[in-house]
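Here's a quick briefing on one protein model. Have a look at the structure first, then we'll go through a pocket, some aromatic rings and a sheet.

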Amino acid sequence: MTNAERPLVISAPEPRTLDLIFSDKSRARLHAKYEVVEADADTVAGLGDDILGKARYIIGQPPLSAETLARMPALRSILNVESNLLNNMPYEVLFERGIHVVTTGQVFAEPVAEIGLGFALALARGIVDADVDFRQGSELWGGEGNASARLVAGSEIGIVGFGDLGKALRRVLSGFRARIRVFDPWLPQSILEENGVEPASLEDVLTKSDFVFVVAAVTSENKGFLGAEAFAGMRKGAAFILLSRADVVDFDALMAAVSSGHIVAASDVYPQEPLPPDHPVRSLKGFIRSAHRAGALDSAFKKMGDMVLEDMDLMDRGLPPMRCKRAERETVSRMRSKPVAVN
């Protein structure tokens with residue numbers, strides 16, 4: 001296949017890179033089948049008509065205007081490998097033209113769910129504090145070191161949000177014989193029941209759970225919706241585990257609830273990233289901290305490239321994308337997640 005025959009792909013995957021999301025073998029396949037034009041996200045709109053006019057796919061989510069899209073008559077899909085849907089393009093124009101907007105964020109579901117389980121076990125059994133005490137020579141042996149320990153097995157668990165991550169979390173928890181309640185106002189009750197969880201109100205999820213996992217995306221409706229009142233209603237000693245985005249919680253209120261001893265918590269995300277060196281959460285007892293690393297496994301990133309290639313192959317044959325997750329007309333404009341700052 002000559003260069004003239006190969007479909008043109010604009011590659012602007014910031015903050016990812018092609019080397020990050022494609023294995024050597026997959027990247028060779030990409031370049032063998034497609035003419036790839038690499039550009040910085042902010043320069044895509046300034047590319048010439050000889051490129052924009054032929055582009056069939058965009059890997060990334062560069063800022064695009066309606067005027068720029070009008071110069072792209074061949075565009076079939078924007079393959080978002082950052083995974084947050086940013087408000088930097090006219091989605092209504094894309095939907096009207098039948099241009100698919102898809103994301104690869106589901107590659108993170110399993111690794112994030114696994115670390116969430118790790119947080120739950122660590123909080124339930126005091127693993128991190130026990131390790132610190134042992135290093136300092138102040139460990140408590142046997143039952144004396146288990147005064148506040150509890151089991152995840154047979155516990156009551158609440159999940160806020162039930163997208164790809166919520167479903168993956170349910171799978172990793174399946175062996176613990178737990179009662180799992182889920183609050184997700186975007187899903188019908190039947191879907192939750194088909195996935196083996198109990199539909200519940202937010203109040204029931206918070207007040208009746210030993211462990212609360214928050215895996216909801218940030219939207220225009222839920223920013224900061226978990227605050228002091230929500231934490232005060234949780235069971236004393238319950239664990240609050242934040243895995244999605246920090247903006248769904250009042251982070252100061254969360255720290256206050258942990259500081260008071262009412263709950264314990266773990267988080268992989270923060271209101272500001274990287275976190276300032278003097279941020280009080282760094283020294284907060286009862287709080288397990290992780291530096292937004294839950295999903296950042298090389299194996300997950302490489303799955304992104306495979307998914308992109310599979311979906312482009314489907315669309316080349318006139319079929320809809322199946323591997324990546326399609327943005328929905330009714331919800332895309334509600335998303336308020338911040339872009340990731342690092343790989």
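**Quick tour of the model**

Sorted by class, the residues lining the second largest pocket are 17 nonpolar, nine polar and nine charged. Here Ala, Val, Leu, Ile, Met, Phe, Trp, Tyr, Cys and Pro count as nonpolar, Asp, Glu, Lys and Arg as charged, and the others, Gly among them, as polar. Keep in mind that this is a predicted model: local features need pLDDT of at least 70 and side-chain atom pairs count only at pLDDT 80 or more, while totals for chains, interfaces and linings use all residues. Residues are numbered from 1 along each chain as its sequence is written, and side-chain values use heavy atoms, with hydrogens and water left out.

**The pocket**

- A pocket is an open set of points on a 1 Å grid over the protein atoms alone, where a 1.4 Å probe fits, with protein on both sides within 12 Å along at least five of seven lines; lining residues have an atom within 4 Å of a point.
- The second largest pocket holds about 840 Å³ of space, a volume being the space filled by probe spheres set on the points.
- Its lining has 35 residues, and Arg 125, Gly 126, Asp 129, Ala 130 and Ser 148 lie nearest the centre.
- Helix H7 (127–135) is one of the elements that supply at least two lining residues, and H7 gives the largest share, six residues. (Helices are DSSP runs of H or I with at least four residues, strands are runs of E with at least two, and both are numbered from the N terminus.)

**The aromatic rings**

- Rings of Phe, Tyr and Trp (its six-membered ring) pair if their centres lie within 6.5 Å; planes under 30 degrees apart count as stacked, over 60 as edge-to-face and the rest as tilted.
- That rule gives six aromatic pairs.
- One of them, Phe 251 with Tyr 270, is edge-to-face, at 5.8 Å centre to centre and 65° between the planes.
- Phe 251 and Phe 287 have ring centres 6.1 Å apart and planes at 55°, so this pair is tilted.
- Phe 251 sits in helix H12 and Phe 287 in strand S12, 36 residues apart.
- Phe 251, Tyr 270 and Phe 287 make up one aromatic cluster.

- Six strands form an open sheet in the order S2-S1-S3-S4-S5-S13, with mixed pairing; two strands pair if DSSP finds at least two bridges between them.
- S4 and S5 run parallel and are joined by four bridges.
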